[in-house]
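Student: Hi, I'm new to this one. Could you walk me through it?
Tutor: Gladly, here it is.

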Amino acid sequence: PIGALDDLYSPEEHSSVYYPTLWHAWVSLLMSFGNVVVATNAAVFAFSLVIWPLGIAALGLALRPNSASMAFLAPVVASPIATFPGLVGIGTSIYPFARSMMAFPIGIASLVLWLRGGGLRYGGVYALAIIASLIAQPTVAIFTVVAGAFSVACLLVRWWYRSIKHGKWVL
């Protein structure tokens with residue numbers, strides 16, 4: 001799928017345009033509506049109404065694990081945001097970016113659980129979220145990696161501060 005649409009951008013010469021066609025290939029192969037447009041619309045609504053709220057609920061639970069109401073409150077609080085998934089996922093036709101953004105809360109939730117000592121399975125889910133974002137739209141994969149690096153840096157600074165505070169830090 002990488003480079004599949006190069007000829008649309010410059011048919012005379014080979015260009016290096018990247019357009020993530022894997023989203024369109026997935027929709028046309030897995031959705032059996034007989035019409036790619038109907039299949040795409042069904043996939044957009046399915047992702048926007050199922051995957052995004054579940055990812056937000058997972059992120060809420062990861063951030064507040066002792067609060068059972070977070071699974072309900074996080075998607076409710078996030079739902080009035082009109083820019084996503086409504087505008088990006090349904091109102092425009094930038095499907096790869098919207099699908100990639102839907103993996104972001106799941107990736108950050110798994111990163112939080114992994115950094116709290118949840119084991120390698122959460123690290124694997126974080127890696128899968130990065131890979132899914134990379135396949136769908138690389139911009140969000142980079143954002144997920146940067147957010148992860150920032151989180152690890154914050155944890156290291158916190159650990160360093162606590163070590164100095166308790167007199168355990170030696171240069």
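Student: Which residues in α3 meet which residues in α4?
Tutor: P53, I56, A57, G60 and L61 in α3 meet M70, A71, A74, P75 and A78 in α4, where contact means heavy atoms within 4.5 Å. Helices are DSSP runs (H or I, at least four residues), numbered from the N terminus. This is a predicted model, in which local features need pLDDT of at least 70 and side-chain atom pairs count only at pLDDT 80 or more, while totals for chains, interfaces and linings use all residues. Residues are numbered from 1 along each chain as its sequence is written, and side-chain values use heavy atoms, leaving out hydrogens and water.

Student: At what angle do α3 and α4 pack?
Tutor: The angle is about 125 degrees, with the axes of α3 and α4 8 Å apart; axes are lines fitted to C-alpha atoms over the stretch in contact, and angles run from 0 to 180 degrees between N-to-C directions.

Student: OK, new topic: which residues form the largest nonpolar core?
Tutor: That core has 9 residues, namely L59, A62, M101, F104, I108, A109, V112, V140 and A147. A nonpolar core is a set of buried Ala, Val, Leu, Ile, Met, Phe, Trp, Tyr and Cys residues joined through side-chain atoms within 4.5 Å, and buried means under 20% relative accessible area with a 1.4 Å probe, protein chains only.

Student: Which helix gives the most to this core?
Tutor: α6 does, with 5 residues, and α3, α6 and α8 each supply at least two.

Student: And what does I108 touch?
Tutor: Not counting residues up to four places away in sequence, I108 touches L59 and A147.

Student: Where is confidence lowest?
Tutor: Helix α1 (residues 6-9) is lowest, at a mean pLDDT of 60, whereas α4 (residues 70-78) is highest, at 85; pLDDT is the predictor's confidence in each residue, from 0 to 100.

Key
Buried means under 20% relative accessible area, exposed over 50%, partly exposed in between (1.4 Å probe, protein chains only).
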